[in-house]
Structure formats: C-alpha cells, structure tokens
Amino acid sequence: LFQDICQNEISQQIEFQHILVDAGTGFTAIAWILANSLLKANKQIHVVQMAGSQEDFEERLLFYRQHLIRTLQTEPFDIQPFHLHEPVWGKSFGSINAKVWQEIILQARQEGILTEPIYTSKLFATARQLIEGQTLNGNVLLIHSGGVLTLAGFQAELQEALE
C-alpha cells in the first residue's frame, strides 16, 4: 500500500508530507514506518497508538526491521523518524466515551465517512487536533484501515448518541 501511494503521488502530482495511521498491535503501523525507511520516502509517519506502550512499540519495530532485513536479504537500514501520538480521548484500548460517539457522527455528517469507536474515530479526532494546532504542515493523508463493521456491535450506543 505504501508503494502504491508513492506511485499515485507521482501520477496525481501531489506529495504527502504526513501519513497518519492508527495502531493496536502496531503491526500495520510498523509496516508503514519500515516501508518509508526502506524506500527512503521521507514521509512523516504519525502513529496514533491505541494500545501498549511506546517501549513495546519500538521493540516490535526493531524486531520486524531485523526480520525484514533477513527476509529481503538487504543491507541494514536506518529507521526514519516517526511520531507516536496518544488519541485525544479514550486513551486506553477499547475506551469509548461520549466524545468518541460525537466524533463518529461529525465524520459521518461532514465527510460522509463512517468510522468505528475503537480506532478510526480516534485517529480522525487526533489528526484534526494536530492539523488545527498547525503541528502538521503540508499535505496529510489519513489511512482509514477499515473496521466499520464494528459499529454493528454498538447500535444502541450510536442511536443514543444521535438523540
């Protein structure tokens, strides 16, 4: 996916300076960081970490870096700088409060995008805070990694938030 985005940047004549992705176990976010580093794409990867500690994340990142080097039989490469962020609310995994539901409704109404309460709604809210606070300059790409079917388990809560 990272390589596809880089190719699309060329064909669409746009360049993203920042890519934001959510993380539970961190596997997908780590893949983004390693692809950015291996391809020397110089993107700022921002990870909104929903679970675990920064130390655990960095340990897994180093593990998968070594695994990638062995698998691809490539020279060791430096990991490009990246940013770990806590979500703006609901900071522990699975934590869902009224602000999370408000975010889901806001995204649906303003952007026409359904998000779920565990990951993506927190990613979008954190991204908005970073953008509005002018922490991020340039073009920003948010990765909506799915999970909308999770909403099926929260129908009553979503209905209550709409009232």
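User: Which residues are linked in a network of salt bridges?

Analyst: Happy to walk through this one. A salt bridge here is a side-chain nitrogen of Lys or Arg within 4 Å of a carboxyl oxygen of Asp or Glu. This is a predicted model, where local features need pLDDT of at least 70, side-chain atom pairs count only at pLDDT 80 or more, and totals for chains, interfaces and linings use all residues. Residues are numbered from 1 along each chain as its sequence is written, and side-chain values use heavy atoms, leaving out hydrogens and water. Lys43 pairs with Glu9 and also with Glu15, and the linked residues are Glu9, Glu15 and Lys43.

User: How far apart are the closest N and O atoms of Glu9 and Lys43?

Analyst: Glu9 sits in helix α1 and Lys43 in the loop between α2 and β2, 34 residues apart; helices (H or I, at least four residues) and strands (E, at least two) are DSSP runs, numbered from the N terminus. The closest N and O atoms of this salt bridge are separated by 2.8 Å.

User: Is Lys43 buried or exposed?

Analyst: Buried means under 20% relative accessible area, exposed over 50%, and partly exposed in between (1.4 Å probe, protein chains only). Lys43 has a relative accessible area of 4%, so Lys43 is buried.
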